[in-house]
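Visitor: Please show me the sequence and the model, and then let us go through them one question at a time.

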Amino acid sequence: MERGALLVLEGCDRVGKSTQTKRLVQALKDRDLKVEARGFPDRTTTIGSVIDEYLKYKKDLPRETIHLLFAANRWEQKDDIIKTLNSGITLVVDRYAASGAAYSAASTNKHLVWGKSLDQGLPAPDLVAFLSVNNEILSARDGWAKERFENQDFQKKVAENFLQLKEDTWKIIEGNQSIDDVHKILLEESLKVIQKVKTIPIKKLYENESN
Ligand code: Z5A
Ligand code: MG
């Protein structure tokens, strides 16, 4: 049985991850590929509901605690992710472990190594499509400043952290293009990766790092 690919979209707030996740899932379906969407935080679980309250300023928690919950929210999906990939279904995931490290290291001023450690061993993405958009352009997009972390200085730190997390599986995409143009690049890259990893076992995240 050929496996599906773990395709992750990452980037700062408002870069267009959710928009592109939907477009990519639909385009892959249109090609008769088996595909499902996922996203983190997954606000539908018990842990996810606490994260949701935190992000909406309904609940205060120490920054280290919310980091643990974001990571736990990924671990609770681990078995399902592996099972789904092994059944031949590709997953398009809107934020994953890189968001965990980039945001928590920025909010706590701790090292990225600390931010990454709890995610070590999760299924590793086959592709991280990182959408990169200049902060001034982002702040003009809809829906800003409604949740925590949505301010420019913080986002600048997060963007720097993301770039330090870059690995060979990452593809940096200039997100300040039309939605269609971003989609075309993302689709082309995704189709290549889906083909390439079909017979390769799922890797573990950060498996060669000694945290
Ligand atoms: N977080 C964390 O700290 N630790 C973790 O481990 C994880 C997350 C997983 C909520 O995430 C917060 O959780 C987030 C990170 C933190 N911090 N904050 N704030 P979320 O993913 O639920 O956040 P969100 O509220 O969905 O926002 P977002 O994901 O950042 O937005 P987006 O998905 O990237 O953008 P979008 O909704 O697709 O598009 C935004 C707007 O821009 C919309 O009006 C679009 O029509 C428009 N748009 C999109 N693309 C374009 C282009 N190409 N041109 C022009 N306009 C565009
Ligand atoms: Mg989103």
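Visitor: In which sense do β1 and strand β3 (residues 90–94) pair?

Guide: This is a predicted model, in which local features need pLDDT of at least 70 and side-chain atom pairs count only at pLDDT 80 or more, while totals for chains, interfaces and linings use all residues. Residues are numbered from 1 along each chain as its sequence is written, chains are lettered from A and ligands numbered from 1 in the order in which they are written, and side-chain values use heavy atoms, with hydrogens and water left out. Strands are DSSP runs of E with at least two residues, helices are runs of H or I with at least four, and both are numbered from the N terminus; two strands pair if DSSP finds at least two bridges between them. L9 stands opposite D94 in β3, and over 4 bridges the sense of β1 and β3 is parallel.

Visitor: Which residue in β4 stands opposite L7?

Guide: Strand β1 also pairs with β4 in the parallel sense, over 4 bridges. Opposite L7, the residue in β4 is L127.

Visitor: How many of the residues of strand β1 (residues 6–10) are buried?

Guide: Buried means under 20% relative accessible area, with exposed over 50% and partly exposed in between, using a 1.4 Å probe and protein chains only. From β1, L6, V8 and E10 point one way and L7 and L9 the other way, and all are buried. The count for the strand is therefore 5 of its 5 residues.

Visitor: Why is the pair of Y103 and F162 edge-to-face?

Guide: Rings of Phe, Tyr and Trp (its six-membered ring) pair if their centres lie within 6.5 Å, and planes under 30 degrees apart count as stacked, over 60 as edge-to-face and the rest as tilted. The structure holds 8 aromatic pairs. In one of them, the centres of Y103 and F162 are 6.2 Å apart, and the pair is edge-to-face because the planes stand at 85°. This pair links helix α5 (residues 97–108) with helix α8 (residues 152–164), distant parts of the chain, the two residues being 59 residues apart.

Visitor: What is the angle between the planes of F130 and F162?

Guide: F130 counts as buried because its relative accessibility is 3%, and F162 likewise counts as buried because its value is 0%. Their rings form a tilted pair, 5.1 Å centre to centre, with an angle between the planes of 55°.

Visitor: Over the ring of which residue does the charged end of R148 sit?

Guide: A charge sits over a ring if NZ of Lys or CZ of Arg is within 6 Å of the ring centre and within 35 degrees of the ring normal. The charged end of R148 is 3.9 Å from the centre of the ring it sits over, and that ring belongs to Y54.
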